[in-house]
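Hi everyone, thanks for coming.

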Amino acid sequence: MKNSSLWLGAFFLFGIFTVEAQEKKMALEEAIQLAMTQSTEAKLAETKVATKAFEMQSVKNRQYPDLKVSGQYQRLTNADVNLKLGGGGEESGAAPKVNQLMLGQASASLPLFSGFKIQNNIKVAENLYQAEQYTSKNIKEQLALNVVKLYVNLYKAQESTQLITENIKSAEQRVKDFQAMETNGLIARNDLLKAQLQVSNYKIALEDAKKNVNIINYQLVTLLKLSEGTQIVPDATAFQKTNALNSSIEDALTGRNDLEAIRSQQKAADANVKIAQGNYYPSISIMGGYIALDLQNVMTVTNAMNFGVGLSYDLSSIFKNGKEVKAAKSKAHEAEQAVEMMTDRVKVETQQANENYQLALKQNKVYLEAVEQATENYRIVKDKYDNGLSDTNDLLEADVEQLQSKINLAYSKANSIEKYYTALAAGGKLTTTLTLTKN
């Protein structure tokens, strides 16, 4: 019996430690860093950047010489060889027996001029690589903002759970008091039922808050690639401070990665116009080669080296290439318009995000005053109720208002943090600010 009790105690303690080990208190900065390094979206963005880097190197290789080596060995089946050496076309002796042919050759070519297409293709590849880099940074910034929203919503849900749980305790105590008073005939049964109904409503709200905690926590754990069952606990100190915002429209126009990505794409489109125009020019290259030949019993050729200049020109491009140039110029104009649209969008988003943050700060002050007012109102109504100057409805209503004011304040603090980081993201400073803070 004693051993059984020891095993039960050990199992109980192990269960406590296991539950505690699943809880992970996490700062907002840590959550963002995990998302930017561990999430699938971030890794995919980095893979795309690496792909563009390989493509750029592949394009750059076009400016280097092409060197080809080939060899052949062929068996011939009783080939009829008729050698005519010297003048007059007379045959020279009996025909040799030929059963095999061996041929080896090497060739090299170096482009000298191709209408500047090679250089402009390199510019296109470089600009597309830069655009992919900016796109990757923008994806990570959006990931960071998504983490902020999930983190804030998780804090809201957990704060709601805690506040409602505390209110249920006081509401249940009120029900006990009312039961005693109802038994002694001091209050009507209807008042007791109202208090019990309020507890039931609180419990429903609590279950809804717990459901929200589970949903948001699972989303955040999945995004951060943490083990299932981990319960993230946001750092409450992050929601107790006011952050000074330093984000202007001018900073956004130079710091937004999505805008820089479109600008790089515009440069690539401009280079594509030059590539299309390059089709009007001929292509010139230097060529050289080496040939070795052995035809059994007939001839052997060695040290047959050759070199020269190659010229090619597509005459039809004079008539056909005009449409390609116009299409390339049209795409370049599309890219220019896209930059203008994104510039306007960045201005609007930055101004709106800054205004929303200032509004959140003002709302936070009002909600702080509302908590003080609701707390004082509940105290007054409670005193009146105890002295028979207020009814049960007034007491329960004041209790609900007090709870709602506390929840509103917790939400307001969380919203201030969310609006702050949203404003940083709109100004292109979210990840930069986090890096500087970490350092």
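**A walk through the sheet and the helices**

Let's begin with strand 2 and strand 3 (residues 98-113): they run antiparallel and are joined by 11 bridges. Before I go on, please keep in mind that this is a predicted model. If you want a spot to look at in that pairing, find arginine 75, whose bridge partner in strand 3 is glutamine 100.

Now move across. Strand 3 also pairs with strand 5, again antiparallel, and here there are 12 bridges. One place to look is proline 111, which stands opposite serine 285 in strand 5.

Next comes the pairing of strand 5 (residues 283-295) with strand 6, antiparallel too and running over 12 bridges. Here methionine 287 has glycine 308 of strand 6 as its bridge partner.

So what order do the strands take in the sheet? It's 2-3-5-6, an open sheet of 4 strands with antiparallel pairing. At the edges you have strand 2 (66-79) and strand 6 (299-312), each of them pairing on one side only. Going from one strand to the next, the twist averages 15 degrees.

On to the helices. Helix 4 covers residues 117-183, which is 67 residues. From its first C-alpha to its last it reaches 97 Å, close to the 99 Å expected at 1.5 Å a residue. Just after helix 4 there's glycine 185, with a positive phi of about 75 degrees.

Then we have helix 5 (residues 189-224), and I'd like you to find leucine 220 in it. Is leucine 220 buried or exposed? Its relative accessibility is 0%, so leucine 220 counts as buried; the cut-off for buried is under 20%. For a sense of distance, leucine 220 and arginine 62 are 158 residues apart in sequence, and their C-alphas are 46 Å apart in space.

Last stop: helix 8 (residues 317-386) and helix 9 (residues 392-426). These two pack at an angle of about 160 degrees, and their axes are 7 Å apart. Because of that angle, helix 8 is roughly antiparallel to helix 9, the cut-off being over 145 degrees. Their crossing is left-handed. And what's in the contact between helix 8 and helix 9, by class? You'll find 19 nonpolar, 15 polar and 8 charged residues there.

Technical notes. Residues are numbered from 1 along each chain as its sequence is written. This is a predicted model: local features need pLDDT of at least 70, side-chain atom pairs count only at pLDDT 80 or more; totals for chains, interfaces and linings use all residues. Side-chain values use heavy atoms; hydrogens and water are left out. Axes are lines fitted to C-alpha atoms, for helices over the stretch in contact, and angles run from 0 to 180 degrees between N-to-C directions. Angles under 35 degrees count as roughly parallel, over 145 as roughly antiparallel, 65 to 115 as roughly perpendicular and the rest as oblique. A crossing is left-handed if the near helix is turned anticlockwise from the far one by less than a right angle, and right-handed if clockwise. Ala, Val, Leu, Ile, Met, Phe, Trp, Tyr, Cys and Pro count as nonpolar, Asp, Glu, Lys and Arg as charged, and the others, Gly among them, as polar. Two strands pair if DSSP finds at least two bridges between them. The expected span of a helix is 1.5 Å times one less than its number of residues. Buried means under 20% relative accessible area, exposed over 50%, partly exposed in between (1.4 Å probe, protein chains only).
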